[in-house]
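The points treat the ligand and its surroundings, and then one of the sheets.

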Amino acid sequence: MASANIAEQYKQARPGSLKLHERAERLFPADGATHGARVLDPFRPYITHAKGSKKWDVDGNEYIDYGMGHGALILGHGHPAIVQAIQEQTAKGLHYSENQPLEVEWGELISQMMPVAERIEVCASGQEGNLMAIRIARTFTGRKKIIRFEENFHGWAGEVAPEGSAGVTMPEVTFLPMNDIAVVEKELASREYALVMIEGGGAHMAGQIPWEYDFIRELPLVTKKYGTLLLIDEVVTGFRESRGGWQELVGVKPDLTTLGKCVGGGIPVGAVVGRADVMEVLDPKRPAEKRIRHTGTWNANPIQCAAGIAACKLYLNGEPQKKAAEIGAYLREQGNKMLKEKKISGRLYGRTIIHLYLGPIEYEPSDPAFPPTRSLAQIINPAMIPIKNELCLRLLERGIATMGARFFVMSAAHTREDVDRTVAALASSLDEMMATGALKESLAGVK
Ligand SMILES: Cc1ncc(COP(=O)(O)O)c(C=O)c1O
C-alpha cells in the first residue's frame, strides 16, 4: 500500500480519473482495471489521448509514456504512416470475410525481415499464436508434452498461463529452471516432448531475467537431437529488438516463432511463423486427424494488415529499432549514473525495454542487457512489489508513466529531453522514499 500522503496527493490531482475508477469498480472485477498491469493502488490514470512519447489523462495531466501499448508501439503514439493507413482502410472496408491483397503484402514483409518465417499463420493476439504453436508442434511430432521455463510469460489462458495459475490445468507442461541446459537435455531424452518454448530475450518483457548466451545457443542443438521443436515467443521482441527479432541478435534459428504487438503496428495481432514442413499441418489436403483447421474472425482483417504493412515497411531499414535502443541506452546510462551517485543499490538494464532492478549488486555485468545479479529470487523479490508500486505512483505524480516501475518501454519517439525528465523524476521519487523510510539506501537487507 502506497504511503497515505502520496496516494491522497495523487487522487487530488486526478478527480476525473477517481470518478471513473469508482464507476469502473462496479463493472470490472479486477479492482476496476481491464488488464492485470493496469491495477495500481489507488488507480492508474484514465487516458484520453496520446501522441509521440506522451499521453494525457482526463484531468489534463501529461505523462511521458513508458508503457507504449504494452510494448506494441515502437514507433510511438500516432505515427502518421500508421494513422493514414488505418484511416484509409477504414473507409474502404473493415472486414471482407474474404482473402484480400493486403495479407499477402504483409506476409511477404514479415518473411523478408525474419528468414525463419517460411510460412505464416495470422491470428488476433500473441497468446493465440502461442496456443496455435503448441497445436502445430503436437500435430507435427505426434507427441503431447511441452517444456516451459519458470517466469517466462506467454499469455493468460490454458497451457500458456503462468505456472500455478488458478483455474487452469496443465498436466502435459513441464516447467524447468532457466539457463540449465543439462536439465533440459535430461528431460528431452524421454523423447516425449513436442515443444520447448522460451520467451525472446528472457523472462518478462524482453528479458527482465535474461537468457545466458551459452544456454540459448545450445538449446536448438539439444531440441533437434531429441526430435523436439523449439519455439521462440517473440511477441514482445519481434521487430522490436532488431529487424529480425531477438533471434537475429543472438544468432539462433528456432523451428517456430510467435509474433504479436509491434508486428501489427498497434492493432491487435498475433502470428505463428516457421518451417514450411512443420506448418504443413495446416494444409487442408491432409487427413482430418493430421491437420489443424484454423478459424478466427479477426485473422488478417484488413485494418490489422494495413497497420501491419505500414509498420513493417518502417521497420525494414532497422532505424526505429536502432533509435529505441539508443534512447534506451541513454536512459540506462543516465539512470545508473544517478543511482550510483545516490549510492542506491540498483541498476537499469535492457535494450529497447529498460528494467529497473533494486536490490543487492553482486557484480557489474559487461553486457547492458543483464542485471547485476544472477539471483532470480532477488530480481523478482516479492518484497519489492509494494516499493515498486509506491515508486510507480510517485513517478506518475511527476508525469512519468511506467509499467509498475519495473519496465520502461522505449520507442523511436522518446527524446533525450524525455529521458532527462524521467531520470530527474526517478531521482526525486527515490529521495522522497528514502526520506520517508519506504526505501533503504542499501537494499541488501530487503527480504
Ligand atoms: C512474451 C509474451 N508472449 C505472449 C504474450 C501475449 O500476447 P497477447 O497479449 O497479445 O495475447 C505477451 C503479452 O504481453 C508476452 O509478453
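**Note on the ligand site and a sheet**

1. An oxygen atom of the ligand lies 2.8 Å from a polar backbone atom of Gly126; the model in which this contact is found is a predicted one. In the case of Ser125, an N or O atom of the side chain is 3.4 Å from a ligand oxygen. The side chain of Lys261 likewise places an N or O atom 2.9 Å from an oxygen atom of the ligand. Of the 390 Å² that the ligand exposes when taken alone, the protein buries 80%.

2. The residues surrounding the ligand are Ser125, Gly126, Gln127, Asn130, Phe153, His154, Glu199, Asp233, Val235, Val236 and Lys261. Helix α5, which spans residues 126-141, supplies the largest share of the shell, namely three residues.

3. Four strands form an open sheet in the order β1-β2-β3-β15, and their pairing is mixed. At the edges stand β1 (47-51) and β15 (400-401), each of which pairs on one side only.

4. How many bridges join strand β3 to β15? There are two, and the strands run parallel; β3 covers residues 62-65. Ile64 has Ile400 of β15 as its bridge partner.

5. Helix α14 (residues 416-436) packs on this sheet and touches β2 (54-57), β3 and β15. The direction of helix α14 makes about 105° with that of β3.

Definitions and conventions
Residues numbered from 1 in each chain as written. Predicted model: local features only at pLDDT ≥ 70, side-chain atom pairs only at ≥ 80, totals over all residues. Heavy atoms only, no water. Near = heavy atom within 4 Å. Polar contact = N/O pair within 3.5 Å; in protein donor to acceptor, adjacent residues only side chain to side chain. Areas by Shrake-Rupley, 256 points an atom, 1.4 Å probe, with all protein chains shown as cover. Pairing = 2+ DSSP bridges. Contact = heavy atoms within 4.5 Å. Axes fitted to C-alpha atoms, helices over the stretch in contact; angles between N-to-C directions.
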